[in-house]
Amino acid sequence: MSIGLRSSPSRVSEVATSAHLSIRNVSKVFPGKGGLFNKLTGKTTSDFVAIEDMSLEIEPNTFVSIIGPSGCGKSTLLNIIAGLSVPTQGTLLLNDEPIRGPGADRGIVFQNYALMPWMTVEGNVRFAVETVNPKLSAGQQREIVRNALELVNLTGAARKHPHEISGGMKQRVGIARALAINPKILLMDEPFGALDTLTRGFLQDEIERIWEQDRKTVVMITHSIAEALLLSDKIVMMTRGPAASIAKVLDVPFPRPRDRETIDEHPAYHDLKTEMEHHLTLETRAVEEARIQKLSKS
Ligand SMILES: Nc1ncnc2c1ncn2[C@@H]1O[C@H](COP(=O)(O)OP(=O)(O)OP(=O)(O)O)[C@@H](O)[C@H]1O
């Protein structure tokens, strides 16, 4: 996944990088409107505690998926790692450096692609490369863009605009753009959530193939148990919110490269799948019951 300049190995963009991410006692409270202030807790009764006291160590070169019931705080956590949201409490360290805001050391792939519609496929990727590597020559920037598009098999679509390409191709652009800045960590928020099953499968296989190349640290949110099992080294199962935290971290021992056709033959596959299904069912049922209770009181 390291996209660089073939002719100048000393360039930053060619150094294969990965990161250790340390999430320490992180909480996120969204302030509510009105409500009574409690001096003891320092919170207002209408505040919403999304995540409470979450700690997690993500080792370099590890593919980590985060799975949990709907609305438990997965995106909140990813946004905090991305530096797009500030934790109310706790610290995050990327290779021992505190995360204080967004940075080029983190590449983000969004579910809705977030492409600039007036730019071509190539222009979308080039914009990111120019922003992050302004000192590189135009030729060097072009080569990074070319390599990134080649990696996701989009060379032939370089001059197309987003409205001319399929959802799967749009997400390939999103992935190329995130990788072209050669981040230390790749953050993906339900990257295949908007795609049909077949396209989703193709893209998962692409990610598996690309990831094998240099095993960058990845944190991916997903609702799909099969997707998490196919791609991850570790699966973080979150509890339901409010005040969500980590229920358990599962190790996925399947050898790589992985093949979706044969992965379920591994002796650990069904136990892992069953454990995840059980966790998600219990948590989702509790969320639904809490909703029904709230409705019946109102
Ligand atoms: N800016 C905000 N202000 C208030 N509450 C918020 C804000 N952003 C998120 N929340 C709440 O925090 C909780 C966690 O939201 P989040 O989007 O992180 O969950 P999620 O697990 O990613 O959900 P999903 O699986 O549906 O994508 C939800 O109850 C949500 O309503």
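This is a predicted model: local features need pLDDT of at least 70, side-chain atom pairs count only at pLDDT 80 or more; totals for chains, interfaces and linings use all residues.
**Around the ligand**

The shell around the ligand is made up of Phe30, Phe48, Ala50, Gly68, Ser70, Gly71, Cys72, Gly73, Lys74, Ser75, Thr76 and Gly241. By type, seven of these residues are polar, four are nonpolar and one is charged. Two elements, strand E4 (48-58) and helix H1 (74-82), each contribute at least two residues to the shell. The largest share, three residues, comes from H1.

**Strand E10**

Strand E10 covers residues 217-221, and five of its five residues are buried, so the strand is largely enclosed by the rest of the structure. In a regular strand, side chains alternate between the two faces of the sheet. Both faces of E10 are covered.

**Partners of E10**

E10 pairs with strand E5 and with strand E9, as the table lists.

| Strand | Residues | Sense relative to E10 | Bridges to E10 |
|---|---|---|---|
| E5 | 63-67 | parallel | four |
| E9 | 185-189 | parallel | five |

Which residue of E10 does Phe63 stand opposite? Phe63 faces Val218 in E10. Leu187, in turn, stands opposite Val219 in E10. From E9 the chain passes through helix H5 (residues 197-214) to reach E10, and this β-α-β crossover is right-handed.

Technical notes: Residues are numbered from 1 along each chain as its sequence is written. A residue is near a molecule or strand if its C-beta atom, placed from the backbone, lies within 6 Å of it. Ala, Val, Leu, Ile, Met, Phe, Trp, Tyr, Cys and Pro count as nonpolar, Asp, Glu, Lys and Arg as charged, and the others, Gly among them, as polar. A residue is buried if 20 or more other C-beta atoms lie within 10 Å of its own, exposed if 12 or fewer, and partly exposed in between; C-beta atoms are placed from the backbone. Two strands pair if DSSP finds at least two bridges between them. A crossover is right-handed if, with the strands pointing away from the viewer, the path from the first strand over the helix to the second runs clockwise.
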